[in-house]
Number of protein chains: 2
Amino acid sequence: MRQSRLFTKTRREAPKDEVSKNAQLLIRAGFIHKEMAGVYAYLPLGLRTLEKIKAIVREEMDALGAQELIMTSLQRKEVWEKTDRWDEAKVDVWFKSKLAAGGDVGFGWSHEEPITEMMTQYLSSYRDLPVYVYQFQTKLRNELRAKSGIMRGREFVMKDMYSYTADAAEHKKIYDAAIDAYLRIYRRVGLGDRTFLTFASGGAFTEFSHEFQTLSDVGEDTVYVHRGRGIAINEEVMRDDVLSKLGVARNELEKAKAIEVGNIFDFGGAKSEQLSLFFKNEAGENVPVHLGSYGIGVTRLMGVLAEVFADDKGLVWPATVAPFRIHLISLGKDGDEVARAAEDLYEVFKNAGLEVLFDDRDLRAGEKFADADLIGIPTRVVVGRDALAKGALEVTDRATGAVELITREEILRTYHA
Amino acid sequence: MRQSRLFTKTRREAPKDEVSKNAQLLIRAGFIHKEMAGVYAYLPLGLRTLEKIKAIVREEMDALGAQELIMTSLQRKEVWEKTDRWDEAKVDVWFKSKLAAGGDVGFGWSHEEPITEMMTQYLSSYRDLPVYVYQFQTKLRNELRAKSGIMRGREFVMKDMYSYTADAAEHKKIYDAAIDAYLRIYRRVGLGDRTFLTFASGGAFTEFSHEFQTLSDVGEDTVYVHRGRGIAINEEVMRDDVLSKLGVARNELEKAKAIEVGNIFDFGGAKSEQLSLFFKNEAGENVPVHLGSYGIGVTRLMGVLAEVFADDKGLVWPATVAPFRIHLISLGKDGDEVARAAEDLYEVFKNAGLEVLFDDRDLRAGEKFADADLIGIPTRVVVGRDALAKGALEVTDRATGAVELITREEILRTYHA
């Protein structure tokens, strides 16, 4: 992609009312646009990163045997009344409206109810189980406050997976496999070493729930990390009986701020019972289907990546989720030898299947470098007069700042698609 | 994909309240689920077809130099007031709600206003132009009636592209290129021979607008087709002055029912002026940006494909948008020679990169064939005892019913990915 054609440009300033670091940087770098508090559009750079995160999540969901579908934003009152979650006294983030044809309609802030209700049309026998399905859905939540940028929005993308199994034993298999898949996802997006499976308070159905917490100073949660075991305990269940159940001692734990980047729930048969999702088991008895639900806020995860890795110059993307792999910067002027060499290299990189953002703009070197630092593509390759003379290119690692002089062949070998 | 694991199963009956042929078939074949009138979830088969249509549209938009982004569903009242389209007397399909933090909020039924308003932050000079951007967005429209299945829903996916150009001449270039791109899209999804560039009534800014109409008995529009010229005239502008302007005679035209599958608008500078989107031209004058808007209802297009190609046995997908390319049907029983041969063939096809739905279920041949006909995958390959003995496979074309006996090598050659 030629940067001269890229929509958008970087900006000096974020909107004055934007208080979160992630959104400030993402707006300045041209990844997102603020429509209103907690509501952001994803511009070409932002959409590329978002789609890369989704692709990683999708691969891991598919590897679990889960199948992708997409539910609806518009929601029926009757379905949510069955679980007593239509009432705004119970769920305070509903957006609701009226149908022109008459009656109430809600906008999906979650999808456990409609997807489980839908399953009554497809699951009736143990032969139909297990079923694992997932979606990437835009959720709408009428949050009173929205000050965390894309880490907690009023409109955001969530990957939600649901498991429908015959019993607790079958449930445990997919539940454990999903934990592994989640940990792989966090490793793949670069957060592996600071993200922990965390014990948190359970819902109506289980003693604990599990969440995944990424250590970060801007986190809203406090967790106690056991680095040796690779787990954490949410402050809300930091009690002696819990510690003893998990077999850890208080002095082995490290207190830290953290942000939740995923959560998984075991509903047992309770929600299925409320929504009349029963199946005939091998003994011929009608029993409720065992439900598990597994969420990752995909846009939130992007916000966490922006927030956690940024430095004082701008964004720093891990290679797996960067909008482009290489930022090729020409220091040439209109048609001179350097510009022609840069154009040539752009073609070579493109033909090799490398994802390249090519800064072909007529700007001073300093402006180009500042933009590159702000945008945060992992590897910067500069084509200047010096490089040409030496027959090698200046390659800078955005994260460490390390500079190397290497040949184009080495670049192609190192960064091949 | 193994059909034994596929979510969902086919169904004998569509919901009683479903009156449209496309939704009846898509529900029975397991492509979509009806959440409420005009509101459908896309199940794994349906999502695959939808994504294939999107991929074709995306390729053609990218080829125009348009860049993908994604705007928001939540909409600000102030933006729409600037063009006088917030008022429900002016736009009767709004869903609206209240923000918990105070104030009104709308749900995006269209995105011309917010995207044009956003551009005020990015476009200020002729050097910034042209800009072409597009999105695949879920639109919400509070339609009073919704009886056309996914051809006209309350929640549906649209591809909307926007062109921002310096003047009418620059606009005309992208407008004409977009017409060509649209015609390529209809050809690629299989509707080329029955889809026509159609002259319809203009908006406030132009004498005509252009739409694309696919001939179909279930269409809501009446058009007059000039097959020789490959164009049509919407009944609403079927007047002598229009005919003479287009240089066609009334007796050359063929009256037909048709359904609109795309539309494009030239807004001139009017909407930009309302939304304060001005730029400095080369002469240093502040002038409004020229706006074009280009829509394709992607889910509608899928509904049209279902509706137009279906026969009395079920759906019939063109190969380019089918959820799978090949439907491999095993007539074997648990582990017998035929079942093993089918399993083997499934592996061979998968390894060759073919998209295969493998009916490995323990059902009678008749049930499998009926399901295959209903689902509508273009090519059916049957592995039975006869085929094994002959060393050839029975290959049936879903659209024509033509049957051939051919070897697996020929199949791989013919249907390679």
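Predicted model: local features only at pLDDT ≥ 70, side-chain atom pairs only at ≥ 80, totals over all residues.
Residues are numbered from 1 along each chain as its sequence is written, and chains are lettered from A.

**View 1. An open sheet of five strands in chain A.** The strand order is E18-E17-E19-E20-E21, with mixed pairing. Strands (E, at least two residues) and helices (H or I, at least four) are DSSP runs numbered from the N terminus, and two strands pair if DSSP finds at least two bridges between them. E18 (356-359) and E21 (403-406) of chain A each have a single partner strand, so one side of each is left without a neighbour in the sheet.

**View 2. Strands E17 and E19 of chain A run parallel.** Five bridges join E17 (residues 326-330) to E19 (residues 379-383). Look for Ser330(A), which stands opposite Val383(A) in E19(A).

**View 3. The two sides of helix H9(A).** Which residues of H9(A) are buried? They are Ala342(A), Leu345(A), Tyr346(A) and Phe349(A); buried means 20 or more other C-beta atoms within 10 Å of a residue's own, exposed 12 or fewer, with C-beta atoms placed from the backbone. On the other side of H9(A), Glu337(A), Asp344(A), Glu347(A) and Asn351(A) are exposed.

**View 4. What follows H9(A).** After this helix comes Gly353(A), whose phi is positive, near 85°.
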